[in-house]
Amino acid sequence: MSSSTGPESGLPVRMPRPRQPGRHRRPEPLVAPEGAPALVLAVPGVPSAATRGLAEEVVSIARSELPGLNARIGYLDGDDAEFPSLRSVLAHAAEERTARYEQAVAADVEGLREPDGPVAVVVPLLAGPDNALLRQIRQSVNDSRVAAELTDVLGPHPLLAEALHVRLSEAGLARADRARLFTVATAADGIVLASVGGEEAVQAAGITGMLLAARLAVPVMAAALDQEGSISSVAEQLRSSGSQQLALAPYLVGPEIDATLLAAAAEEVGCSMAEPLGAYPAIGKLALAKYTTALGIAPQQAQGTPVR
């Protein structure tokens, strides 16, 4: 909490930079409001060192976009030791907010008000809807007995189409930049967009798939890794329509599924595979956008950029 002259003792002071004069001055950078709720990234899947590294990079991207952001990581299947569970992270955030308020009361801070509103905004680290995982996340939030707001998943969004394009080009399965007419000998002429979460996830992935198809000028069809026969059926549809060299593009961040399932699906239909979205910068930006939208903060509009 803050007094009229500054924040309470022991907290860092963020001094605003002088505004640049003139009509063409640059817009002031957005910073996290004083006392804003924590952004808690809800990470699904079995925790591992690789998962932690990915989540930390996503959080780092979000912090770089919004200085002063209080961002934390909660694992859906965490053990509260090496990998803090979502429930314990929310409880700790609530305890910290209470402790800050009590410290301010003891310091007799002028104009002090008891904190209200959510303690945290929980953002699922999911590209598309997965009702089973979302129910688990919601249950963890409820079990924590903490006032927290749960956002929607990250997609569909043009930035995810950009991320998919980059992952495909990194694997040599797509042109990096159509404008340069750079030919990739192994470029795919049909993309199977692999999602998890059943039919709803396939439909959501299909929206991003249309954006990806526009970028690559090749057909893109979504399929469900967790529905038997879905991947092979879509691959057959693409081949029957003329595509001969297919590629599997995971519409997944990564932790939400066992990587061996992706490899098995690609082998089943006889095609090459790109890497999951991972900690591509768009993931951190979209997580932050979900947070700022939930709080009614006006962030800079996230835009897709050409792949170079």
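About 80 Å³ of space lies in the largest cavity. This is a predicted model, where local features need pLDDT of at least 70 and side-chain atom pairs count only at pLDDT 80 or more, while totals for chains, interfaces and linings use all residues. Residues are numbered from 1 along each chain as its sequence is written, and side-chain values use heavy atoms, with hydrogens and water left out.

**The empty space**

Rolling a probe the size of a water molecule over the atoms shows where empty space is left. A cavity here is a set of points, on a 1 Å grid over the protein atoms alone, where a 1.4 Å probe fits but cannot get out. The volume is the space filled by probe spheres set on those points, which are joined across faces, edges and corners. Searching the whole structure turns up 2 cavities of 30 Å³ or more.

Which helix gives the largest share of the lining of the largest cavity? That's helix H2 (residues 86-106), with 4 residues. Lining residues have an atom within 4 Å of a point, and for the largest cavity they include Gly 35, Asn 70, Arg 97 and Val 119.

**The overall build**

The chain has 8 helices and 8 strands. Both are DSSP runs numbered from the N terminus: helices are H or I with at least four residues, strands are E with at least two. A contact means heavy atoms within 4.5 Å. Take the contacts between residues at least 6 apart in sequence: 76% of them join residues at least 24 apart.

**Two open sheets**

Strands of a sheet pair through backbone hydrogen bonds, either parallel or antiparallel. In this model two strands count as paired if DSSP finds at least two bridges between them.

Strands S1 (residues 38-43) and S2 are joined in parallel by 5 bridges, and Ala 42 sits opposite Gly 74 in S2.

The other open sheet also has 4 strands, ordered S6-S5-S7-S8, and its pairing is parallel. S6 (220-224) and S8 (272-273) stand at the edges with a single partner strand each, so one side of each has no neighbour in the sheet. S5 (residues 190-195) and S7 (residues 246-250) run parallel, joined by 5 bridges, with Val 192 opposite Leu 248 in S7.

**A glycine and a ring pair**

Gly 242 is found in the loop between H6 and S7. Gly 242 is partly exposed, with a relative accessible area of 45%. In sequence, Gly 242 and Gly 190 are 52 residues apart, yet in space they are 8.7 Å apart, C-alpha to C-alpha.

The structure holds 1 aromatic pair. Tyr 75 and Phe 83 form it, edge-to-face, at 5.2 Å centre to centre and 85° between the planes. Rings of Phe, Tyr and Trp (its six-membered ring) pair if their centres lie within 6.5 Å, and planes under 30 degrees apart count as stacked, over 60 as edge-to-face and the rest as tilted. Both Tyr 75 and Phe 83 are buried.

Methods. Buried < 20%, exposed > 50% of the residue type's maximum accessible area, 1.4 Å probe, protein only. 1 Å grid on protein atoms, 1.4 Å probe; cavity = no way out; pocket = protein on both sides within 12 Å on 5 of 7 lines; lining within 4 Å.
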